[in-house]
Amino acid sequence: MTPDHTLQPGATLPDRVHKVTQPLIDAYARVSGDHNPLHTDPEFASTTHFGGTIAHGMMTLAFASAAMEAWAGPDWAQSGAMDVTFLSPVLPGSEVVVSIEVPDAAVDGRLECRINCTVAGKAVLTGAVSIAAKRNMGTT
């Protein structure tokens, strides 16, 4: 995907939606090496207070990172940082909506964006993501 560098400070990035399915969770378990039965064993997970499997928190974080990468391209890998809080589990069948607000100006050479991941309007991850500002973006 080509980075969208047309968005400037003060913009809201387009929301990105990710459908979470059990096969996606299982694939994430394989590539991450995290085979906790809470994620991969519906029978076991049904005995927990979640009532079924849940997605890996890092999967939700990866959705957030992918949104920043789509906007900033290689700049995200070179200078990106995240400071987030996980608020709720994500269940199979959920749609995770990633929303990012870009601040009006950079501070100390960085743009610190607000990020929210929601499922059915309920926050599941929130916090800040930041990236080094380019020269054409005002700094304070």
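**A helix, a sheet and what covers what**

Me: Which helices are among the elements that cover the buried residues of α1?

Reply: First, this is a predicted model, where local features need pLDDT of at least 70 and side-chain atom pairs pLDDT 80 or more, while totals for chains, interfaces and linings use all residues. Residues count from 1 along each chain as its sequence is written, and side-chain values use heavy atoms, leaving out hydrogens and water. Buried means under 20% relative accessible area (1.4 Å probe, protein chains only), and contact means heavy atoms within 4.5 Å. The cover over the buried residues of α1 includes α2 (37–40) and α4 (57–72).

Me: Within what arc do the buried residues of α1 fall?

Reply: Helix α1 covers residues 22–32, and Gln22, Ile25 and Ala29 are buried there. An α-helix has 3.6 residues a turn, so residues three or four places apart point the same way. Taking directions from the helix axis to the C-beta atoms, the buried residues of α1 line one face, because they fall within an arc of 60°.

Me: Which residues of α1 are exposed on the other side?

Reply: Exposed means over 50% relative accessible area, with partly exposed in between. On that other side of α1, the exposed residues are Pro23, Arg30 and Val31.

Me: In what order do the strands of the open sheet lie?

Reply: Helices (H or I, at least four residues) and strands (E, at least two) are DSSP runs, numbered from the N terminus. The protein has 5 helices and 5 strands, running β-α-α-α-α-α-β-β-β-β from the N terminus on. Strands pair if DSSP finds at least two bridges between them, and in the open sheet of 5 strands, with antiparallel pairing, the order is β1-β3-β4-β5-β2.

Me: Which strands sit at the edges of that sheet?

Reply: An edge strand pairs on one side only. That picks out β1 (16–19) and β2 (81–86).

Me: What is the bridge partner of His18?

Reply: β1 pairs with β3 (residues 95–101) in the antiparallel sense, over 4 bridges. In β3, the partner of His18 is Val96.

Me: What angle does the direction of α4 make with that of β3?

Reply: α4 packs on the sheet, touching β1, β2, β3, β4 (110–119) and β5 (122–132). Axes are lines fitted to C-alpha atoms, for helices over the stretch in contact, with angles from 0 to 180 degrees between N-to-C directions. For α4 and β3, that gives about 45°.
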